[in-house]
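This briefing walks through selected local features of the structure shown below, grouped by topic. Please read it alongside the sequence and the coordinates.

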Amino acid sequence: SQRFLRVAVLQSLKGLLRLLLVGLLLLFSVKNLYWLIGVYSIIPWLLFLTQLRVLPAGFLRVSLPPDQTHAIHAQLRSFSTWLTLWSILSILSSRIDQAMISHFLGLRDVALYGVAYQLIQFFPIIAQSISSVLTPKVNALRTKVELTRLITKSLRWILPMTLLFLALVW
């Protein structure tokens, strides 16, 4: 319980610090994408360094025989190499569109694109939520009348909400 609270506070602090520092950079008219990404990336490392004191006493002074140390380092290097490569490729592939827009058009266009993209990503989440709620109900139905009744009842809620959302977006 206490450990969960500490992790939750750290994650919240990470997001808040990122928001504040990037906001401060923008407030002082720092519009260099590399500075913004650098500040955004360094926050988890700063929090990690501040949390080293939470480790048990003597944790960093563990002594192992050289053959075990070499085996552990080789295993970590092997695992970390692929993990790092995968992470970098994942970041690049998921943000390459924004980097290209930034390079060719500017930060304002990246922001407009980002907001539009986030808005689009909202719809699959809603569809998946509705589907996960309705699928067990549909599987439990036995007759066509029950199915028609469920669809009608569902559309009574889904259709007005969709139209309202479209009106707000339009």
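Helix H2, which covers residues 33-50 of this predicted model, contains 18 residues and extends 26 Å from its first C-alpha to its last, close to the 26 Å expected at 1.5 Å a residue.

- At the start of H2, the backbone nitrogen of Tyr34 has a side-chain oxygen of Asn32 within 2.8 Å.
- Further along H2, a kink of about 25 degrees is found at Ile42, shortly before the proline Pro44.
- The buried residues of H2 are Leu36, Val39, Ile43 and Leu47, and what covers these residues includes helix H1, residues 2-27.

**Aromatic pairs**

- The count of aromatic pairs comes to two, and one of them is formed by Trp45 and Phe48, whose rings are edge-to-face, at 6.2 Å centre to centre and with 85 degrees between the planes.
- Both Trp45 and Phe48 belong to helix H2, where they are three residues apart, about one turn of the helix.
- With a relative accessible area of 57%, Trp45 is exposed, whereas Phe48, at 44%, is partly exposed.
- Tyr113 and Tyr117 both lie in helix H4, residues 107-140, and are four residues apart, about one turn of the helix.
- An α-helix has 3.6 residues a turn, so residues three or four places apart point the same way.
- Tyr113 is partly exposed at a relative accessible area of 28%, and Tyr117, at 33% relative accessibility, is likewise partly exposed.

**A charge over a ring**

- The ring of Tyr40 has the charged end of Arg18 sitting over it, at 3.9 Å from the ring centre.

**Ala99 and Val110**

- Ala99 is part of helix H3, which comprises residues 66-104, and its relative accessibility of 38% means that Ala99 counts as partly exposed.
- Although Ala99 and Val110 are eleven residues apart along the chain, their C-alpha atoms are separated by 8.1 Å.

Methods
Residues numbered from 1 in each chain as written. Predicted model: local features only at pLDDT ≥ 70, side-chain atom pairs only at ≥ 80, totals over all residues. Heavy atoms only, no water. Helix = DSSP H or I, 4+ residues; strand = E, 2+ residues; numbered from the N terminus. Expected span 1.5 Å × (residues − 1). Bend = angle between axes of the 7 residues up to and from the residue. Buried < 20%, exposed > 50% of the residue type's maximum accessible area, 1.4 Å probe, protein only. Contact = heavy atoms within 4.5 Å. Polar contact = N/O pair within 3.5 Å; in protein donor to acceptor, adjacent residues only side chain to side chain. Phe/Tyr/Trp six-rings, centres within 6.5 Å; stacked < 30°, edge-to-face > 60°. Lys NZ or Arg CZ within 6 Å of the ring centre and 35° of its normal.
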